[in-house]
Amino acid sequence: MIAAPFFRWDWVFDHLGLIWEKVSEHLVLTGIALGVGFVISMALALIGLRFPRTYPPITWLTGVLYTIPSLALFAFLVPITGFTVLSAEIGLVSYTLLILIRNIVAGIQGVDPAVREAALGMGYGSRRLFLEIELPLALPVILAGVRIAAVTTIGLVTITALIGQGGVGFFILQGLNRFFNTEIVLGTALSVILAVAVDLVLVLVERLLTPWTAKRTAAS
Amino acid sequence: MIRLENVTKVFPGGSGPAVHQLSLDVAEGEIVVLVGPSGCGKTTTLKMINRLVEPTSGRITVAGEDIMAIPAHELRRRVGYVIQQIGLFPHRTIAENIATVPRLLGWERTRIDDRVGELIRLVDLEPGMRNRYPRELSGGQRQRAGVARALAADPPVMLMDEPFGAVDPIVRGRLQDELLDLQRRVHKTIVFVTHDIDEAIKLGDRVAILNIGGIVEQYAPPAVILRDPANAFVKAFLGSHRGIKRLSLIPVGEVPLEDGPMVDRSATARDARACMDRYGVDWFGILDGKELVGWAWASDLDGDSLAHIDPKPFEARVSLDASLREALDTIITSRTRVAPVFDGGRFVGTITAEGISRELAK
Amino acid sequence: MDGQANRGLLMEFLGDLLQWFGENWSGETGWLARTGEHLRVSGAALIAAMAVALPLAGWLGHTGRGGLLAVSVINIGRALPSFGIIALALPFTIWLARSTPLIDSGLGFAPTFIALFLLALPPIFTNTYAGIRGVDADVVEAARGMGITERRLVLDVEMPIASPVILTGIRVTAVQVVATATLGALVGYGGYGRFIVDGLAIQDRLQLVAGAILVAVLSILTEIGFSALERFVVPAGISRRRRADVVPPVAV
């Protein structure tokens, strides 16, 4: 093992198909977690905004979920849902909730009250007010939450390797079991690259969706 | 056009009614200013007219219709609303902002486009501003965009809540002038809230002075309020410069003008001296026919005729529709202590501090 | 579905769990010893990370230098998969044990400690940095105007004012460290992770769930304990509201 090179590119080139497969799996696991997490978070955030009394228990509950270590959560789930994608997703989704709910609520609450008053004063109903004014204006804060959730989830997906999923975490686990550094480095590096790439994509999405925040020549 | 009858608003948890049994009539096409100290319920009163605040009791009608009989969002689309913070939508361009109410009303796109263009011209924004976002505009431009947005669907009634409160005094003065100018063209019924008595006097056809709890202490044209304050509260609220404030309400044209120490170019030095003696001054104006060509000091006289005199131009001049306040300002800063008055380019007479003072004493 | 039977199974399982806790508390592989191991590596990593990150971030925050570094650290910190870091620590410590006399074994404590230490640095660093940067500039100027030394300015003025934010950083880091220590079992360490990793490997549901309960309870206790500490340590004049709403790095 001492004589073996630390990182073997030839192994990587021999396994490009497998790497691609695991990267796709990683992205799918992340995408499902974010999508489902966002829908649930939006619903809970709306409830929290509409009925402010429910907000503290919502954040408390999602906060507890967030505090439970993922490995422990997966361990709870395996006896019930087995070594399945469902186990992985339940865990991954539950970690997105706190971040997303907090940012959605903060984003909506951060909308300038004058804008809200002006909109009401011009005859906006509450649904249009939310969809056309509050939601777009909260978008930068919401997307900041999505970015954090995305990067965090991509890291967490690697752990699901322990329950038979894992995306690129598969390489890390296999590398550990075989004492094969190349796979550990590859899995870790791919996870970081995916996180950075997805983050960049989301920054671009934010720019496209919120043109009004761009810095153009501002008068005065 | 707008009528409030015994309107009362009690906020839950408030110590007393914010507005108590308030009645007020606003005629079509006039600007009514609600003014008073903070806590007098002026903003609450305003917001009850478009139902952003629901009255606890009493009746409010707009154009004869009880506002409680109209769904709130429909009422609000018919009533323009401008607030101090403007509340432009930061994620929409100026054109989109202005188009807000027409869009809510479901106008066709071409009609909206035309209307937006018209309004941008009306409030004197550059056409290039159309596709800018609000943050790219200056405070004054934003305020104009806010007014344009409120006017978009041509509502007969406009509610304005301290719209110029957040801009600096110079811009504020200009925006006030623009509003008056705009009003001459669009003839809206405007209810305007401010805490600034000078703004109220300048803008209001009628001014309602409100006391804590929404009690109307006086409701009259500003000139009347200044001349005959109804009670001690109004007097105190008007402050110590009532006379000066009145000046800004009276145009020069309402004061009898004097000829002043004017002599024709063809007159002799002796005529000029006699004229100066009559007015007790040491200068005289020189006319050429009906035209005022300038003035000269007594000490400039040399010999018998005025022919050799090079008249100094009147730097201070006021127009017939200027206020007495402007005239007085001109008088006290001029060396001749007199302001020549012009109607357009035509010299019509002079006005002096004594003349103004006589007018106020009437 | 037969709810009655399900409930019966559940009760039976809970009974088995209780029995497990009763039978497996003592000895080198009992949960009491595992608790000690878990706390030992977590505490050591947290203290080591604080010893490095607090002075560094305090000084950089005070001088205003390293803003870009601070931003990069939090972003990189978030993107690093803890599983990967702990796995990468293993070949490193094996090499360290083999070629230097620094450590005896490259397995167990060493890789776990190094990984936890590395993962604990970013959140402590960024919160401390942000906390110090967030101190009102007028307060700093007033202190300077009274002739305070720079060192005392950091220690007596900036640190106490920033303490809510700094302590929030330490709290979320502590929870994260306790959670991630579970992964130490993958590189030969003990701690609660042993139960989970072994439970997964030999399909022992009882051990698996027992381990999960232990980790979850310890994480929540850590959270509660550090919250209490914050209340205790933050000077009375400083509102706890000031705690920056920093989204904690996720527990693993």
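Mentor: Two residues or chains are in contact when heavy atoms of theirs lie within 4.5 Å. The model is predicted, so that local features need pLDDT of at least 70 and side-chain atom pairs count only at pLDDT 80 or more, while totals for chains, interfaces and linings use all residues; side-chain values use heavy atoms, with hydrogens and water left out. Residues are numbered from 1 along each chain as its sequence is written, and chains are lettered from A and ligands numbered from 1 in the order in which they are written.

Trainee: How far apart do the closest C-alpha atoms of chain B and chain C lie?

Mentor: No contact joins chain B and chain C. The separation of their closest C-alpha atoms is 25 Å.

Trainee: Which chains have the most contacts between them?

Mentor: Two pairs of chains touch. In one of them, 30 residues of chain B are in contact with 25 residues of chain A. In another, 40 residues of chain C meet 41 residues of chain A. The most contacts are between chains A and C.

Trainee: How much area do chain C and chain A bury between them?

Mentor: The size of an interface is often given as the accessible area lost when the parts come together. Here buried area is the loss of accessible area (1.4 Å probe) when two parts are put together, summed over both. Carbon and sulfur atoms carry 82% of the area between chain C and chain A, and the total is about 3,400 Å².

Trainee: Which helix gives the largest share of the side of chain C that touches chain A?

Mentor: Helices (H or I, at least four residues) and strands (E, at least two) are DSSP runs, numbered from the N terminus. Helices H3 (67-79), H4 (82-99), H7 (150-180), H8 (193-201) and H9 (205-233) of chain C each supply at least two residues of this side. The largest share, 10 residues, comes from H9(C).

Trainee: How many salt bridges does the rule find across the interface of chain B and chain A?

Mentor: A salt bridge places a side-chain nitrogen of Lys or Arg within 4 Å of a carboxyl oxygen of Asp or Glu. Across the interface of chain C and chain A the rule finds zero. B:Arg92 does form one with A:Glu132, with the closest N and O atoms 3.4 Å apart. For chain B and chain A the count is three.

Trainee: Which residues touch the most other members of the largest nonpolar core?

Mentor: A nonpolar core is a set of buried Ala, Val, Leu, Ile, Met, Phe, Trp, Tyr and Cys residues joined through side-chain atoms within 4.5 Å. Buried means under 20% relative accessible area, exposed over 50%, and partly exposed in between (1.4 Å probe, protein chains only). Of the 79 residues in the largest core, those touching the most other members are A:Leu162, A:Leu176, C:Phe83 and C:Leu183.

Trainee: Which helix of chain A gives the largest share of this core?

Mentor: The core has 79 residues. The largest share, 12 residues, comes from residues 85-109 of chain A, which form helix H5.
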